[in-house]
Amino acid sequence: MVEHLRQQYNAAFTDGKYKAFLESISTAYDHKPPFRISETPIFIPKYLKQRLLEACDQVNNVICQPNFKELTKNALQDASQFVPGEDEHTTFLQMDFGICLDEKGELMPQMVEVQGFPTLYFFQELMAKGYRNHFNIPSNYHHLNNTTSADYVEKLREIIVGDCSPENVILLEIEPHKQATQIDFLATSRHLGIKVVCISELITEGKNVFYTNNKGQKIPVRRIYNRVIFDELFKREDLPRQFDFTKEYNVEWIGHPNWFFRISKFTMPLINSPYVPPCHFLHQLEKYPEDLENYVLKPLFSFAGSGVLINVTKQDLDAVQNRENYILQKKVVYAPAIKTPTEPAKCEIRMLMIWEKGEKKAKVVNNLVRISKGEMVGVRFNKDKDWVGASVGFFED
């Protein structure tokens, strides 16, 4: 998105460099990610960086309101979702923005989603270093926000491990070895020295929680870095487990599960910002917008784009059951702003944030980029496309 850098990058690109870059990703943790990694990062000019940071700040202000928990109480639908021990605010915060054009033809972020849940903090660091090692990335462009790589990793260690012994801290997932994001789990484990554990492997004795290490020893769990998505958990009745999210245990949640629901698509209608497209709870609409073709219907409680209806009609909306569980959001029209050797590509930028205890709000630390040439950002919309997939943004200083 910075014209002269894009021209230089594309001219210097070779398949050999790209293959070496991908090989460095796969060999780092002896694991080849199952998702596509793009041939290119994106270069973010200073004015777009400032707009993204301003957008994050405005959304932050909504989430920081003293009555935010009251505003989002209906996000936790029933007792099967409520987890005891909720803290005062989320630990992790992600804001997804499609890159669009404003009325002057300048690049403008438009929020797609906000999430109170961890993301690929360690994989993004690996990928950014890979791009810099194999391609010419200018020294005044950085993927991290006002920090070094060493300090970034150390900050995540402080938040996730804290004053515990690493062996008493786990990353919790559902069959982590089968997840598309396994490479991030491996990176997290390597950097922090913590165990990656499937929920089916946890042992409970009263309020105490344990896992078994490689020597067959029962190890107490003090902290849980939670990566379990409830959508998936509810579908896995086949998975034997002693651990029950709705029970109280002698553990500290690092990323309390309740924030997954509170800070989600449920939050979008609460935000009034030029960086957030108009968004409404479906059951609160007295009449539908006249330009329905410019809106998208989203279920509140789904993950990874499942159940999203792009081309909405009045008949579709009239047929919706449980209307309180849906939002109607104005479409984000992505700009084909990234020139590639074939067709131009669009992108979505996720601003990776952390909210430390004692701080007034979350702060941006890193970013994640998805590059697309399809109707939506996602694997199924980009089959047989090149210069698409997972990436990272380098921001101009």
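Buried here means under 20% relative accessible area, exposed means over 50%, and partly exposed is in between (1.4 Å probe, protein chains only). These legends go with a predicted model, where local features need pLDDT of at least 70, side-chain atom pairs count only at pLDDT 80 or more, and totals for chains, interfaces and linings use all residues. Residues are numbered from 1 along each chain as its sequence is written, and side-chain values use heavy atoms, with hydrogens and water left out.

View A. For the terms: rings of Phe, Tyr and Trp (its six-membered ring) pair if their centres lie within 6.5 Å; planes under 30 degrees apart are stacked, over 60 edge-to-face, and the rest tilted. Phe92 belongs to strand β2 (residues 92-101) and Tyr225 to strand β10 (residues 223-226), so the pair ties together parts 133 residues apart in sequence. Helices (H or I, at least four residues) and strands (E, at least two) are DSSP runs, numbered from the N terminus.

**View B. Phe35 against Phe123.** A search of the whole structure turns up 25 aromatic pairs. In this one the ring centres of Phe35 and Phe123 are 5.5 Å apart and the planes sit at 85°, so it counts as edge-to-face. Phe35 comes from the loop between α2 (15-28) and β1 (42-44), while Phe123 is in helix α5 (residues 121-134), 88 residues apart. Phe123 is buried, at 1% relative accessibility.

**View C. Charges over rings.** Lys218 lies over the face of Phe210, 4.9 Å from the ring centre. The charged end of Arg262 sits over the ring of Trp259, at 5.9 Å from its centre. The cut-off: NZ of Lys or CZ of Arg within 6 Å of the ring centre and within 35 degrees of the ring normal.

**View D. The buried side of α6.** Tyr152, Val153, Leu156, Ile159 and Ile160 are buried in α6. They cover an arc of only 120° around the axis, so they fall on the same side of α6; the arc is that of the directions from the helix axis to the C-beta atoms. Just past α6, Gly162 has a positive phi of about 60°.

**View E. Around Gln182.** Gln182 is in helix α7 (residues 182-192) and is buried, with a relative accessible area of 16%. Leaving out residues up to four places away in sequence, Gln182 touches His31, Pro176 and His177, where contact means heavy atoms within 4.5 Å.
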